[in-house]
Amino acid sequence: MITLRVNGQEQSFDGDPSLPLLWYLRDELGLTGSKYGCGEGLCGACTVHLDGQAVRSCTVLMSDAAGKSVVTIEGLDPRGNHPVQRAWRALGVPQCGFCQAGQIMQAAALLATKPNPTDEEINVAMDGNICRCGCYQRIQAAVRMAATGV
Amino acid sequence: MTQIIENVSRRGVLKGVVATGALILAVRALPSMAAGSGLPKYQTGAGAMPHGVVTDPHVFIAIDSAGLVTIVAARAEMGTGAARTSLPMILADELEADWSRVRIVQGEGNEEKYGNQDTDGSRSVRHWLWPMRECGAAMRMMLETAAAARWGVDVSEVEATNHEVVHRSSGRRLGYGALAADAMKLPVPAKETLRFKDPAAFRYIGTGSIPVVDLFDITTGRAMYGQDVRLPGMKYAVIARPPVLNGKLVSFDATEALKVPGVEKVIEVKGWKWPAKFQPLGGVAVIARNTGAAIKGRAALKIVWDDGEHAVYDSDKYREYLMETSRKPGKTVRNEGDIDAAMSKAARVIVGEYYIPHLAHATMEPPCATAVVTADRAEIWAPLQSPGGSREDIAKTLGLPPEKVVVNETLLGGGFGRKSKCDYAQEAALLSKALGGTPVKVIWTREDDLQHGYLHTVAYERIEAAVDQNNKVIGWRHRSVAPTIWSTFMPDPKYQQPLEQSMGLIDVPFDIPNIRCEVGEAPAHTRIGWYRSVYNIPHAFAVQSFVGELAAALGKDQKEMLLELIGPPRIVDPRKSVKELWNYGEPFDSYPIDTGRLARVVELVAEKAGWGRKLPPGHGLGIAVHRSFVSYVATVVEVAVDAKGNLSIPRVDTAIDCGFHVNPERITAQCEGGAVMGLSNAKNCAITFKNGRVQQTNYNTYPVVRISEAPKVTNVYIVPASIDVPPSGVGEPPVPPFAPALCNAIFAATGKRIRSLPIGNQLAT
């Protein structure tokens, strides 16, 4: 039996310990905000926070998550008003929107450790998150806005 | 004002038997309404689409007693904002509804009810601007009539404004909620009698002030995509499909797969022999309690395939074949003047050859669908670009009448043409049926998506220009060799069809007296499908790169060369010299090929981009223009190439003339995203085949552009247009000019001409 904390709630899982965390979150818990995009940690659509670090939940096994605290997009802010979420809305970042939960989780983790990143630091931090619609210009601007308020 | 003296409309309303004609007489006489009256002065191709358009306000609008206005979005929302924001916004504006009291519900797949729902071809706004206005205007007039009846006054004395109807002289007001029940009972005014708002009075149209309706849900993870559907008792499935087109399943051993924890069943899925439109490829499905178990179970399957005839497909060899074919005469599909004479008397003949590989849509949300299918009924939940057409396809496959098939449309995590093909929804339906009605969600992995898609074609393009002693181009021969999408629907015709030829080959708008366009034979060995902007990608890449080559060869400025070829403002009508011109489904008179508009976007983007400005060493500017989906887009790309050959894009400028525009903010977003997709198309992406199998597996081998490589800034300029200028496409048109503008810029920066995509390591030094 694996126990872990997801968005502040204790959870337990008695299935395959080699199951990627992503599928536990989506299929077992019904937290579908984290998306499947590649299954190999290449696109970032499944990004969640594991003990505060941004990770690709498609490559984190349940056994790796045992005893840890997971925060998903659903748990980032109780009202959906994290500064990153607000900036995303202020700049109309999303097009199809599918990758955006992962983008937001990645950006929130960046700002938690680096409150005022340079453009280059934003690029490095966000480079693992693909947006096929190509919203990058606005993602870059929204991370900056979340950091600086403008 | 003499027309309202009888006041028949009021009496009619009071009796509850409105004589529509009389009602109109009254309202038409109102001078304040005159400015906005009248239907459009142009025709579109909307009516010619399957099931055409529907303009019944009862189909699209409901108003409850609290005043909440519900608008049905019946088309697919894949990220342009057109389906769920822009079209409902048009309706709401014309209705004089307060957007903060509007909610959007997604319509199910049902074209008899909603009209055409096939969301491709960049058609949503150009086909639905007026139907949405008609719905809104009709309901607004019904609300006004209901209010006038309530007050016992003539309808000419009342006016709907911002979610309520006001009696001008007394100042009395009734909200839409209070009037809704009465208004809904009234007959719908006839189309010819509708009064439209003066465009100057638009609250939302043209302002760009309305965020997309799903914005909050997207940023909080609540937005529901196809991948997110959950039903009680639902099982998860992944499918092992034949790795080669038309490959057959010989045998499979599921022993190990069934040992994987969470795997419950392994069953065969029926496949169809190609060509089979959107029917599934077939294969072996692993059914499990979660997706992760299904994926792991599939990896443990032992399958023997018979690859069949397409195992010969090899991209390197096929490229050689295409090249050789492009060097021989093909089928002539446009012929003007005498190209052979022009070539023989030319002072110089300049030749350019270009190769553009297969591309994959690689939508962030791979194909997926959920189904519950019993003996006499089917219900589907899926991200489908054509929910109505998919319903018909699924019904046919299941042998059910369409009314027994419910298709619930989710948000699409990207479409780009892939989700126009409902093979994945049919797989889910077949699996649920095989499992006796158990809800099944089929998930495609990224590998499935890249290896079993409906790929963008692969093309070899050869252009020859005859140039006279004065450096004037007097002859143009363009041969295009690429497999056709029609190979998906019928025995392979092996030649590009008129629809494909009309995307940048036979509609070339240049002022050259001798033009011949030819297509060469190119058999298909994989499923070919629509991909954002379709055959415009290879055709525009060749034509616009070649203009850059001509400029260099003739010592002219790129932009001046381009404008010289475009020539004076005029309507180019290739119909006199082609068998069939497909004008994106639109009447040519409403949407002609207008070189004045084409040149204008070139001039506009050049001016805004500071064409000719001084640049740092290693930088270069490139320009390209292309008309597609009846819009005109010109792009200037600035590149920087460092000493090692690393490419970056400091700036992109794009000018778009898409006629009257509804949502400039989303048009800007489409142009920004179009530049990124154009860069992905050009930079590192290609799907290649060996032994009939796709060689790419995931985003590591199909490296779409990431944030660090993306254009640093894309500036967008939208040509202003009145409501009398027909609206035209936005989603696709920004893509075609990007790659040639990029490669023209690379040439300006480095002197290297990229003739073969992807660019890959061609710039390495």
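1. Which residues in α5(A) meet which residues in α6(A)? In this model, which is predicted, A:D119, A:I122 and A:M126 are the α5(A) residues that meet A:I139, A:Q140, A:V143 and A:R144 of α6(A). Taken by class, the residues of this contact comprise four nonpolar, one polar and two charged.

2. Two packed helices are described by the angle between their axes and the distance between the axes. Helix α5, residues 119-126 of chain A, packs against helix α6, residues 136-148 of chain A, at an angle of about 115°, and their axes are 10 Å apart. The crossing in which α5(A) passes α6(A) is right-handed.

3. Within chain A, a division is made into domain 1 (2-75) and domain 2 (83-148), whose C-alpha centres lie 21 Å apart. The two domains touch each other, with 15 residues of domain 1 of chain A in contact with 12 residues of domain 2 of chain A. On the domain 1 side of this contact, β3 (47-50) and β4 (53-56) of chain A each supply at least two residues, and β3(A) gives the largest share, three residues. That side of domain 1 has six nonpolar, eight polar and one charged residues.

4. Chain B contains an open sheet of seven strands with mixed pairing, in the order β9-β10-β7-β17-β14-β15-β16. Its edge strands, each pairing on one side only, are β9 (263-269) and β16 (405-409) of chain B. On average, and with direction ignored, neighbouring strands of this sheet are turned by 25° against each other.

5. Strands of a sheet pair through backbone hydrogen bonds, either parallel or antiparallel. Strand β15 (residues 377-382) of chain B pairs with β16(B) in the parallel sense, over five bridges, and B:I380 has B:V407 in β16(B) as its bridge partner. Helix α14 (residues 387-398) of chain B lies across β14 (368-374), β15 and β16 of chain B, and runs at about 145° to β16(B).

Conventions:
Residues are numbered from 1 along each chain as its sequence is written. Chains are lettered from A and ligands numbered from 1 in the order in which they are written. This is a predicted model: local features need pLDDT of at least 70, side-chain atom pairs count only at pLDDT 80 or more; totals for chains, interfaces and linings use all residues. Axes are lines fitted to C-alpha atoms, for helices over the stretch in contact, and angles run from 0 to 180 degrees between N-to-C directions. Helices (H or I, at least four residues) and strands (E, at least two) are DSSP runs, numbered from the N terminus. A crossing is left-handed if the near helix is turned anticlockwise from the far one by less than a right angle, and right-handed if clockwise. Two residues are in contact if their C-beta atoms, placed from the backbone, lie within 7 Å. Ala, Val, Leu, Ile, Met, Phe, Trp, Tyr, Cys and Pro count as nonpolar, Asp, Glu, Lys and Arg as charged, and the others, Gly among them, as polar. Domain bounds come from an automatic or database domain assignment. Two strands pair if DSSP finds at least two bridges between them.
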